[in-house]
Amino acid sequence: MDFSTPILNMLMNSRRSHYDPIDDQEQDIQETVELNPRHTDDDDGPPASILVEGEQRNSLDDNPPIKYTHSQQDTPLPLHQHRPVSRGMSPYQLAMWKWVNVQNLDKFLQDAYSYYLNKGIYCIVLTKALNLATVGFVFLFSTFLFGCIDYSAISHDGSLSDIVIPHCASSFSFITWIWLLAFGIFYIYQVLTFILSLKPLVDMYRFYTHILRIPNTDVKTISWEEIVSRISHIRQSNPLTAISSVGVSHGPVAKLDVLDVANRIMRQENYLIALFNKDLLNLDLPIRNKLLKKVLSFATSNGLTKTLEWNLSFALLGHVFDEKGQVKAHILQSSSRGRNVQELRKRFAILAFVNALLAPILVIFLLFYSFFRYFEEYHKNPSSIGSRSYTELAQWKFREFNELQHLFQKRLSLSYDDAQKYIVQFPNSEIAIIARFVAFVAGSFAAVFILASVIDPDMFLHFEITPQRTTVFYIGVFGTILAVARGMIPADNEVNDPERLLRRACAFTHHLPKEWEGQMHSKKVHAEFSRLFELKIAIFLQEILSVLFTPIILYYSLPKSSPAIIDFISQSTVHVDQLGYICSFAHFDFLRHGNKRFGAPKDAQNVKLMSEDGKLEKSVLNFKAANPKWMPNDQAGSIFVNKMSESIMPSKRTMKSPEMGLGEVYEDEREWDNNERRESDQGVLKMFQQFSFSRTRTNNFPRPF
């Protein structure tokens, strides 16, 4: 069940792709396109304390080419002008013109990844259009139910025309008309945004189809690694194409590898991952009264909801990053610290006021939207009310640096089965006994009513068990009670091994605090894991309540974290040639953030910048698992990956570990070599799982989590 509403989806995806116009003169070319780097702002250079020298990037080319030879071009391709002359240009030439003139490579790669993630142009258009239709339907239908129905006129022998108020709009109050006007303006804005997003979407379709040679039907099945490989290939052929955002150095152009692409796509998300890893965000309600705090503990147990997450991202990322996606220069200046802190606090306060103003409207919309969407699901399958999902806070804690969304969701999906089985390993025996009795009674009533309806079908529709309640009604009631009660009864053949199940789940979540070691059978660990893997119905209720509590958190709690946020971002930002400013955790900098307890070559010089729970080390291994051909460019990273690989996966493996889901383990080195290319991706993922939970005491490296 996805609790994100279409309104939040539209707000979070409101950014549009854009291609900045180029003011160069048109050039007539036949077979060769000559490219010149273009600068729009001066680059004064980063502070020396956070500079990562270009020599550390081994992928730099000594003599970067500046020409791109077209083998498919039949007619001259005009470049460096405000708009391409589409007349006489083939689709390939038009797509190449767009690629040549991309100014913001970060935004372009983010759009390319979004295109891949959302399964191509037709799925994207349908999703956005139907989101708009859903919002419009919920608004109009709820307005009709509230303002155009005379509920006092409802009778058993009446019709719809008897209860519909004619010309009901004329009886609307002034506040209702204000609400209608506000929604109309918002809806028209979203429709215009959708229409304007179609042209960049078509441009991305052409890029995939004509430049990358990936038809729309293949976008759903091709791997992202293959797409990155093709983009890297055309980048190498024309290295000065698509120069990145303003603020990066324009020396020799580096090869665009998978780490560069991930850093550009997740430049902003990496900072949020680091902030959650360091627990620098105060998301608690400012309540000192213990009794009141306990009463409201359910509403705040999640810690983070989608509403609060959107506001946090809007306030924080909008303050730190400019329109080009680069860290603003004044954020890194110590002399501007006070001004930056005050500005961030001001943004939180403004959003608190806006959320308080919109809270009643959002609550009503969420209630109606959720009722329309989930009623049928629970009606058909009442037992699904006990299904669970990871909370928003858990997902931010589980996600690794530079881990793209599709890889992260795949990893979490692999943990669901074991996580669900672990939860039911701790049944409430008293509740189970009561549930068996309730299921027996409800099943007995349901069986009698169904049997009576089979014998006499007329009884099914007209026989009243109680006044105005027929057999049909009570069959539905007792059937629902029966399904819910059965969901509370553990299976008779359930094997009780909570530690094994939790370890299997944590092999994919990458979250196993040291406090859990030796306590995985305890109710305490079960309760802590349950707060991360919460009931979906509880998450839904917390989302509703969050609309009311978000303004309080934004106004009172988060501003207290502003100084720590600004200091952390300033201290954990580095400048990398060809990339610009990025989070140093995402640069996989062991010297700055390493932890020897988790296998790093050495500890970080500043303990405050050391990643928590081995987040950096796990991120490197996770990135290596997802990209087997990638190797760190720095010495510390290479030593770490090589030693971990050698200690975990020797060349000759003689043991099988079906318990850990490692699959086949080849005893013959030659057999491994023959299958290495075919199973390279799976092999490194197996390495990561084995590293996580199968290390013996004789190993030189401690367990990372």
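Because the model is predicted, local features need pLDDT of at least 70 and side-chain atom pairs count only at pLDDT 80 or more, while totals for chains, interfaces and linings use all residues. Residues are numbered from 1 along each chain as its sequence is written, and side-chain values use heavy atoms, with hydrogens and water left out.

**Aromatic contacts**

A pair of aromatic rings is described by the distance of the centres and the angle of the planes. Rings of Phe, Tyr and Trp (its six-membered ring) pair if their centres lie within 6.5 Å, and planes under 30 degrees apart count as stacked, over 60 as edge-to-face and the rest as tilted. By this rule the structure holds 38 aromatic pairs. In one of them, the rings of Y422 and F529 meet with their planes at 90 degrees and are therefore edge-to-face. Y422 belongs to helix 16 (residues 405–423) and F529 to helix 21 (residues 523–532), so this contact ties together parts that are 107 residues apart in sequence; helices here are DSSP runs of H or I with at least four residues, and strands are runs of E with at least two, both numbered from the N terminus. The rings of F529 and F533 also pair, and their planes lie at 40 degrees, so this pair is tilted.

| Pair | Distance of centres | Angle of planes |
|---|---|---|
| Y422 and F529 | 5.4 Å | 90 degrees |
| F529 and F533 | 6.0 Å | 40 degrees |

Buried means under 20% relative accessible area, exposed over 50% and partly exposed in between, with a 1.4 Å probe and protein chains only. Y422 is buried at 0%, F529 is buried at 1%, and F533 is buried at 0%.

**Annotated segments**

An unreviewed UniProt entry lists several residue ranges as "transmembrane region", among them 174–198 and 537–558; such annotations may be inferred rather than shown by experiment. In the model, residues 174–198 are 96% helix and 0% strand, with the end C-alpha atoms 37 Å apart, whereas residues 537–558 are 100% helix and 0% strand, with the end C-alpha atoms 27 Å apart.

V574 stands opposite I582 in strand 9.

Technical notes:
Two strands pair if DSSP finds at least two bridges between them.
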